[in-house]
Amino acid sequence: MNPTNELRKLVDAMLDGSIETAELARLEQLITGDETAMDYYLAMAGQEGLMMRALSADSSGAKRSHPSRGWWMGAAAVAAAVVVAFVVWRPVAGPVEADGGWASVTDQVDVVWKGEPVGTDVDAGGRLIEIESGLLEITHASGTRLLIEGPAGYEVTGENAGRFVHGKLVAEVPPGAEGFTVDCPDGQVVDFGTEFAIEADPSKGMMEVGVFRGEVKVRPSADDGEPVPLYTGHAVRLPGKVESPLRSIPFDQQRFVRRAPSRELPWYFEGSSQPLEWDVSHLVWSSGEKLAVLKWMSGPDALVLHRMELLLDGEVVARDEHPCSVGELSSTLANVYHLAIPDGGWRRGEWTLRAWPGEMRGDARSEGILMLEDASVAEASMGDFVGVWEYVHDGVVYRRTFRGDGTCLLQFDGKPTPYFENARWGVREGILEVRFDASETVERHLLRDADSLVFINQPYRNARRVE
Amino acid sequence: MNPDPKPEPMLEDSASAREVAALIRGLQPTLTEFAAGLLGGADGADDVVQETNLFLWERRADYEPGSDFRAWALRVARFKVMAARRDVARERRLRFSDETLERLAARAEERAGGAERRLKALGGCLGRIRLQDRRLLEWKYARRGSLTELADAVGESANAIHKKISRLRMALRQCVEKALSQNP
């Protein structure tokens, strides 16, 4: 049947989601009054539904030779950039910045604290923050961001100032925060809008400063003269207590970790039984147990694993063997692997995580992430989860409220929903579980840190604490 | 208050579970067409299909081998569409009235056979369209990209892009019908 122009326009508007009330009434009138009109509508809507599946199943277009750089390619790149920028920058719980105090702990990876752990807000006032190992990100109220690699000690002494006792530190000073000052055992470094690194080991009388980009000024303690400027790519060793000039040295940039690494490692499965591997050198900083959580996000097929291994410089140091399946009709089974590095087994090196898929048919496809978490998440208790958590999925802002009495609430875009009405939540081995009366499905979350809630068996982004 | 601890479910490998999984998998195109028809387009259809899958899987013990699995699956999908519509908070578009929905569901059930063949034919037709048209469809359907943003980026009006989509929809439908009539 060839539709009338009117029917065609109305069906297009319906499928595009742009139909208006009066048009919808007219469309309903047309399709309920005429079976061929209804069949036309159902054929078009059905085709609309199948389109994504057909586009991903048929690869002939993608494999055509030499796609020209036509109008679409550049345009789509621009549009994609717009979309990506929008998605990435849509704040979930406000930007991660220090508020209230002089600085905040904004990230930590595999940190082993020396003494009492530091909470999110860091008050100035003489408290030395000390870690045995791991990576600690501290963001000053000025916007200056520090990434400190343990063993290390640092003290916040002002909104844009600190004292670095020992360890490795990389500072990134954004525009507006110029003048960030850090006092070290052998001298003082003042920044002029830049990214720079310091390594200090007072027991060896060693302190070095290097500049990734921009400019800093260095004033050795032993020298009462003018501070010395240092520019991009330069590094110096400070003379300590001895009166001698600064000495230029090669700047070995690889020694420093400049960004807090993502714990979320992407995987793309295409049916091969070859192992999947990820470089986790910047995520593993100590012995003990780590959790590897496999999460499916999209794709029609399941990823089935039978073994997970952690390797140091190519040698297996930890292994967990059991079947795991994610993505089978969007369900998740046994997707947490426990990997224990024996005491004394950690050293700096190339750490690799390796996952062994089971036998699959050759054209399977799915994708998702692998999350590597500290085993300390298993210590979380109910009180740690109580609060309001927010996340964005497919453009909708969701809020989950977990109350101390075991009840919970789910909201979409600020409006309450009945989804969690009969649900109860509790904590088992550090994992929050939401159970529903009418379903065997259990939703699981783990607490990455005080303000980050991770979905273990749902394909959603992490939630941030908002209350 | 902790819920009763339950052991992690084991990977199931019984013959009946495998049969149900295969049945569900085989019904994916049918369920997708059905959900899109009732919802008025692709938006939300995937969610309905996923929820239907999950429901069928959880209730797999209720399935009696030899009974009409498809009819059951479509009933579940219909129920899931109704539930999705009731969830007004997520509604960002107009949906059909209950009465129209009932009639659409009845007709869609009658037409439900052959979705797999339509999907295959659609894939074949997509392989024959112009590359820039295919990219446009990928933008809209696979990436769920905004047509307004695409229009801005390529310097065309949103209306012109919508018209292109409309022409492609119609051309693909005709191509699919032709393919099916030649290989019935």
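Modeller: A:Asp313 is exposed because 11 other C-beta atoms lie within 10 Å of its own. By definition, a residue is exposed if 12 or fewer other C-beta atoms, placed from the backbone, lie within 10 Å, buried if 20 or more do, and partly exposed in between. This is a predicted model, in which local features need pLDDT of at least 70 and side-chain atom pairs count only at pLDDT 80 or more, while totals for chains, interfaces and linings use all residues. Residues are numbered from 1 along each chain as its sequence is written, and chains are lettered from A and ligands numbered from 1 in the order in which they are written.

A:Asp313 lies in the loop between strand S17 (303-312) and strand S18 (315-328) of chain A. Strands (E, at least two residues) and helices (H or I, at least four) are DSSP runs, numbered from the N terminus. The phi of A:Asp313 is positive, about 50°, although this residue is not a glycine. Most residues other than glycine have a negative phi, and most peptide bonds are trans.

A:Glu429 shows a positive phi as well, near 50°, and is likewise a residue other than glycine. Its place is the loop between S27 and strand S28 (431-436) of chain A. A:Glu429 counts as exposed because it has 12 C-beta neighbours inside 10 Å.

Two strands pair if DSSP finds at least two bridges between them. Within this sheet, strand S23 (residues 387-393) and strand S24 (residues 396-402) of chain A are joined in the antiparallel sense by 7 bridges. There, A:His393 stands opposite A:Val396 of S24(A).

Another set of strands in chain A can be followed from pair to pair. Strand S3 (residues 129-140) and strand S4 (residues 145-158) run antiparallel and are joined by 8 bridges, with A:Ile129 opposite A:Tyr154 in S4(A). Their hairpin has 4 residues between the strands, and A:Gly143 in that hairpin takes a positive phi near 105°. S4(A) also contains A:Pro151, and the peptide bond from A:Gly150 to A:Pro151 is cis, with omega near 0°.

S4(A) is joined in turn to S5(A) by 10 antiparallel bridges, and the hairpin between S4(A) and S5(A) passes through 2 residues. In this pairing, A:Glu155 faces A:Arg163 of S5(A). Strand S5 (residues 161-172) then pairs with S8(A) over 6 bridges, again in the antiparallel sense; A:Ala171 stands opposite A:Phe196 in S8(A).

Strand S8 (residues 195-201) of chain A is mostly covered, with 6 of its 7 residues buried. S8(A) pairs with strand S9 (residues 206-213) over 7 bridges, antiparallel, and A:Phe196 stands opposite A:Val211 in S9(A). The hairpin of S8(A) and S9(A) has 4 residues between the strands, and A:Gly205 takes a positive phi near 65° there.

Chain A as a whole has 5 helices and 31 strands. Of its 467 residues, 36% count as buried.

Helices in chain B provide a further view. Helix H2 (residues 28-39) and helix H3 (residues 45-58) of chain B pack at an angle of about 130°, with their axes 9 Å apart. Axes are lines fitted to C-alpha atoms, for helices over the stretch in contact, and angles run from 0 to 180 degrees between N-to-C directions. The angle makes H2(B) oblique to H3(B). Angles under 35 degrees count as roughly parallel, over 145 as roughly antiparallel, 65 to 115 as roughly perpendicular and the rest as oblique. Among the residues that make the contact are B:Leu31 and B:Ala35 of H2(B) and B:Val48 and B:Thr52 of H3(B). Two residues are in contact if their C-beta atoms, placed from the backbone, lie within 7 Å.
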